[in-house]
Amino acid sequence: HYIHKINDKTIPTIKEVLFLPAEKNSRIFGLPDPVSRKAFYINKNIWKIESPVYISGPFCMELLTYDTRRGVRNKYSPYMIQVNIDDSLYFQVKYDTISFNWTKFVELDRDLRMIDEDNNFYHRLYKSYPEMNIPIYSGNSDGRFNLPHGLHQCKINVYDYNMNKSTLKFT
């Protein structure tokens, strides 16, 4: 049993967050269409988007993110993503250990229709098939958020395998 240790201090990159209406009456900025916001690096692993995002009704999010390592050009998927709203963990996806029976479902969390010009894809921050109890998910929600009216603080933590963390914050 050999695990190659890599001295990795590079934090994951967060490029963009996509807000999707989850029901026909859901609105983002008053419209029934998805809205994306580019992420901007602030400092010390903190990223921000233009805030606030005005949403009414149930919604979902997707995150364009990837990890890199110094000295190589490859891009890797994150090890874990957590969605916290008002300091409570609502949703988590973690690619830790998954049995062989579930491996064919791992890509269900990736929106392969939404690939950018560099072949990076969005990671769904929701269960695309909530009735399937895929063991990579945890948290208080299936990722379809229906928050009470008012301002809410959202924090999305993205970790790589070495637990380097990037945090996207917005209202």
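**Reading a predicted all-strand model**

Buried residues account for 44% of the 171 residues in the protein, and the model discussed here is a predicted one.

Visitor: What makes up the secondary structure of the protein?
Guide: The protein has zero helices and 14 strands, and along the sequence the pattern reads β-β-β-β-β-β-β-β-β-β-β-β-β-β.

Visitor: Why is threonine 171 called partly exposed?
Guide: Its relative accessibility is 22%; because buried means under 20% and exposed means over 50%, threonine 171 falls in between and counts as partly exposed. Threonine 171 is found in the segment after β14.

Visitor: What makes the pairing of threonine 171 and glutamine 153 a polar contact?
Guide: Their side chains are joined at 3.4 Å, and because the cut-off for such a pair of N or O atoms is within 3.5 Å, the pair qualifies as a polar contact. Leaving aside neighbours within four places in sequence, threonine 171 is also in contact with other residues, including Ser51, Pro52, Val53 and Leu151.

Visitor: Which residues have the most contacts inside the largest nonpolar core?
Guide: They are Phe19, Met61, Leu63, Val83, Ile156 and Leu168, in a core of 28 residues, to which β1 (13–21), β7 (59–66), β8 (80–85), β9 (88–94), β13 (154–159) and β14 (165–170) each supply at least two residues. Apart from this core lies another, of six residues, among them Leu20, Cys60, Leu64 and Tyr122.

Visitor: Which residues is isoleucine 156 in contact with, leaving aside its neighbours within four places in sequence?
Guide: Among them are Met61, Leu63, Val83, Leu125 and Leu168.

Technical notes:
Residues numbered from 1 in each chain as written. Predicted model: local features only at pLDDT ≥ 70, side-chain atom pairs only at ≥ 80, totals over all residues. Heavy atoms only, no water. Core = buried A, V, L, I, M, F, W, Y, C linked by side-chain atoms within 4.5 Å. Buried < 20%, exposed > 50% of the residue type's maximum accessible area, 1.4 Å probe, protein only. Helix = DSSP H or I, 4+ residues; strand = E, 2+ residues; numbered from the N terminus. Contact = heavy atoms within 4.5 Å. Polar contact = N/O pair within 3.5 Å; in protein donor to acceptor, adjacent residues only side chain to side chain.
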